[in-house]
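Okay, shall we get going?

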Amino acid sequence: MSTEGQTSRRHPLDRRALLRAAVAVPAAGAAAAGTATAQAQAAEAAGPTSRGRFDAESPRFALAVLPDTQYLFDADSADPAPLRATFRYLVAERSAANIAFMTHLGDVTEHGTEDEIALAADTFRTLHGKVPYSVLAGNHDVSSSTDDQRGDSAYLAAFGPERYSAMPTFGGASPDGYNSYHVLRAGGRKWLVLALDWRISDKGLEWAQNVLDTHPTLPAVLTTHDIAWSGDDGKAQLSENGKRLWEALVKGNDQIFLALGGHYWPSGRTVLTNDYDNDVHIHITNYQDRYYGGAGMIRTYGFDLARNVVDVETFSPWFLAGDSDKRPPLAAETVELTGPVDRFSLSVDFEARFAGFAPSAPPKPRPASAVMPRGTLAYWRFDASGTGAAGKPGATVEDGVLVRDLTGNGNDLTVSRLHSSGPDALTWSDDHHPGQPAHASLRFDGGQGPDRGAVLTTAGRAALNSEKFTRGYTIETFVRLPEPFEGDHSWMGILSWEGRNGDAGKTTGWSPSEPTCSLNLSPERFLQFVVYPHRQDADPTSWSHAVPVGRWMHIAVVNDGRRTVMYVDGSKIARNPSQPSTGIATLGEPFVLGATQFDRRFGQGFYGWMGDTRIVGRALPVAEFLTSFG
């Protein structure tokens, strides 16, 4: 097998993306209201820098959370500039950060007067129609001694249901108008956001429960003004109102996995366990006690459904704008908050967390006829359709068992054991990749010291043995490495053709005794695909990253008649050779699953699970890989 010497390991990328200043205004620094007003006017004149499209299907998206802004709307000392800057940032960065929604946690204003409310409502025009949002009433926006049955108010006139009616996310409001909900699509699924009054009544709770009952499969984020408080240690505890919400609504509805509140400071967080033995994350977000009333500071919850994490960051777009060298000291101290309650990551297995109310239906097996596109030369699977009668999981796959080539091209595989390997060297399994057409696999128990394993080999006259692939090829398989990955399995083979490249007249490779084509695993768990082309005297080799253990992966090697590209889980790897590569010098030798020869001799065999394997005589696009359901 080809070697590449010492392999350097890559360091993981920093979690944080660089925050771009998206606000075309000077840095915050003037405490005078006149200067701030001038900044706001400049921002208004400049308009949003971009209106990028939100990608609702991307597995990565952000929820923006804006807490108490009351000190920015405080009678004659009001200064909306920081909040305008925040809204301009959200508009400008909606595409880059994939911002799905923004939710305000209440206390929009200090006194709830008509003038304060009017200025706040006008400031929200910067965001309106560009990023969907919700707002809820805090105690400073309405009479603090009443619940949501209080009737008319300046707040309700400006931030009632009519304000959201044109938003595509708006689902409805309670009859009193103080509670609302939104349904948004992000990460390829729908989510529910509940925006509840700071003092929700029994009628309001009944309404909220009805919203959850009407949307029983949607994961829900509950937002309100008063739910928890925290000491300086950042450990949040439910407030009295929070205890009422927990008992009456949160703990009995498994959909609610995140609950957000403001009102108190400092910020904090905790995790509670609901009636379904699942986590509910409770967070306090409030920065009004900080310089410039919090300066419109926002918190972003970056959902990553692929990584099963939520990355949380807190920053002020107003302070981020402009020249950092001219940023005044207090702004520089507050531009970003990086403590453990303001910048952190939550580990959430979304599929498992949501399984109780929104179980994902596993894909059904697909017949072979549905996954054999034009040019398919061989296709093997290890269920009854491929083997005639697959054994029970864990049972031995006996030597001599035939695995049929379902294309009808006659490239059937026959099982045999290597050296003096015992029955456990190859067993039946119902484990499989979730996107695999057949819901079955083979479990190989190969290794070295001593060499052992099992192989599946085409017959001596199989058409695949002499296929040259000069028009290209796509070779696919599904593999899972055991966890823990025990023993020495350096350079174990996954699939190959038998023979020696020297017998094909090749002179440039690592050794003339190496086979003409093989897929192997390096000591660092890098996949290595090395091929000796039919036409060129060369050995172009693809190298993957270090592949994972304990989970299934789909591997595809695609050649278009000119060069070869390897894909892992539908993702093109970086280290693909640019050398010309036309065809495979197959020599008329058998094709093999489960090992790679050297000098026409098998050593160790494959260690792990292997699922459906397919060979097509042309380059397939990713959309036509075996994992595709198109």
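**Rings and their partners**

Keep in mind that this is a predicted model.

The structure has 33 aromatic pairs, and Y291 with F319 is one of them: the ring centres are 5.7 Å apart and the planes sit at 15°, so we call the pair stacked. Where do Y291 and F319 lie? Y291 is in the loop between β12 (279-284) and β13 (298-304), and F319 is in helix α8 (residues 317-320), so the pair ties together parts 28 residues apart in sequence.

Next, F469 and W497. This aromatic pair is edge-to-face, with 5.8 Å from centre to centre and 70° between the planes. F469 comes from the loop between β22 (453-458) and β23 (473-480), while W497 is in strand β24 (residues 492-497), so here too distant parts of the chain are linked, 28 residues apart. Buried or exposed, you ask, for F469? F469 is buried, at 2% relative accessible area, and W497 counts as buried as well, at 0%.

There's also a cluster held together by ring pairs: F87, F124, Y133, Y155, F159, Y164, F170 and Y178.

Last one, W609, which has arginines over its ring. The charged end of R480 sits 3.9 Å from the ring centre, and R443 lies over the face of W609 at 4.4 Å from the centre.

Terms used: Residues are numbered from 1 along each chain as its sequence is written. This is a predicted model: local features need pLDDT of at least 70, side-chain atom pairs count only at pLDDT 80 or more; totals for chains, interfaces and linings use all residues. Side-chain values use heavy atoms; hydrogens and water are left out. Rings of Phe, Tyr and Trp (its six-membered ring) pair if their centres lie within 6.5 Å; planes under 30 degrees apart count as stacked, over 60 as edge-to-face and the rest as tilted. Helices (H or I, at least four residues) and strands (E, at least two) are DSSP runs, numbered from the N terminus. Buried means under 20% relative accessible area, exposed over 50%, partly exposed in between (1.4 Å probe, protein chains only). A charge sits over a ring if NZ of Lys or CZ of Arg is within 6 Å of the ring centre and within 35 degrees of the ring normal.
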